[in-house]
Structures are given as structure tokens and as C-alpha cells.
Amino acid sequence: MKLEQILAPECTACDVEGGSKKRTLEQIADILAGYRPGIGASELFDSLITRERLGSTGFGNGIALPHCRLTNCEKPMAALLKLREPIEFDAMDNHPVDLIFALVVPEEATSEHLAILQLVAERFENASFRNRLRNAQSNHELYELAIAPLPN
């Protein structure tokens, strides 16, 4: 699977004022609900928060990968945010987060969910990839850098 199959330009935002973990998850829910009719922002936010309560999705290196499964989601979708200022996200390395890739998949898509998370995690493990995203100056540039082949 390629990232552009789940991440739309409309769901990519640069220079976002995060403020807090909760507020950032609300913004993600609003972005994805606005992009995909039939999915409510409140329901999506509740699912993201419920998943966070199981354990932080703060990946380390300033990255968070919030994710959830949603009953009325027909196909995987994602949002990518580059925050103006890093926020606390209870990350594994205790560092604040400034890049957030959120994933929402259909309720029954367990194996697909894990495969997409692995793909995304591998991309974000690449320091050059993270740095390119952090240097993006616009939503369009952030999107293009996100879907581009990984740098060496």
C-alpha cells in the first residue's frame, strides 16, 4: 500500500496550533470528519481518545501515530499534521511531539490496520524523512514530502 492511498492533500496540515494532546486529537477528528461524509467528528474523537487511554501512541523522535478502528469507516484514511510548537503526548521517549500521523480504519480491518501502522512507523523511523517533513512550509509541500519515496 502507498501512503497516497490513505492520505489526502485535504487531510494534511502544516503549522497547526496544537496546544494540547486533546485539542490536537479534536482537530484531527474535525479534519477527517470534514473530508469523509458520514463520519462524525465527535465519534471519531471518542475513538481516538479511547485508544489513547490504552497507551500513548507517542512513537518517539517527536512523532505520534494516533489510530483507531471505526464502525462506519468504509476504507482507511489518515491525517498528517505538522505542529507549530511541540506538545506533550506521553511519548515513549518522553519528548514532545510535533509531527502527528493519525490513522482510522474500518472496524473489521485488523490485519490491514497493523500493516498500515507498520508502513507508517517505518517511514517515520527514517531521520531524513522526519526532517523533510519538519522543514515543510505549506500543506501542499508537507503532503508531497510525505508521499515521496524515502530518502536514503
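The angle at which α4 (residues 127-134) and α5 (residues 139-147) pack is about 170°, and their axes lie 9 Å apart; the axes are lines fitted to C-alpha atoms over the stretch in contact, with angles running from 0 to 180 degrees between N-to-C directions. I noted that Phe129, Arg132 and Leu133 of α4 and Leu142, Leu145 and Ala146 of α5 make the contact, where contact means heavy atoms within 4.5 Å.

This is a predicted model, so I kept to pLDDT of at least 70 for local features and 80 or more for side-chain atom pairs, while totals for chains, interfaces and linings use all residues. Residues are numbered from 1 along each chain, and side-chain values use heavy atoms, without hydrogens and water.

I then turned to helix α2 (residues 41-54), whose 14 residues should span 20 Å at 1.5 Å a residue, in agreement with end C-alpha atoms 20 Å apart; the expected span takes 1.5 Å times one less than the number of residues. Helices here are DSSP runs of H or I, at least four residues long.

Which residues of α2 are buried? I found Leu44, Phe45, Ser47, Leu48, Ile49 and Glu52, and their cover includes α1 (21-35), β4 (67-70) and β6 (97-106).

Leaving out residues up to four places away in sequence, serine 47 touches Cys68, Arg69 and Leu70.

Terms used. Helix = DSSP H or I, 4+ residues; strand = E, 2+ residues; numbered from the N terminus. Buried < 20%, exposed > 50% of the residue type's maximum accessible area, 1.4 Å probe, protein only.
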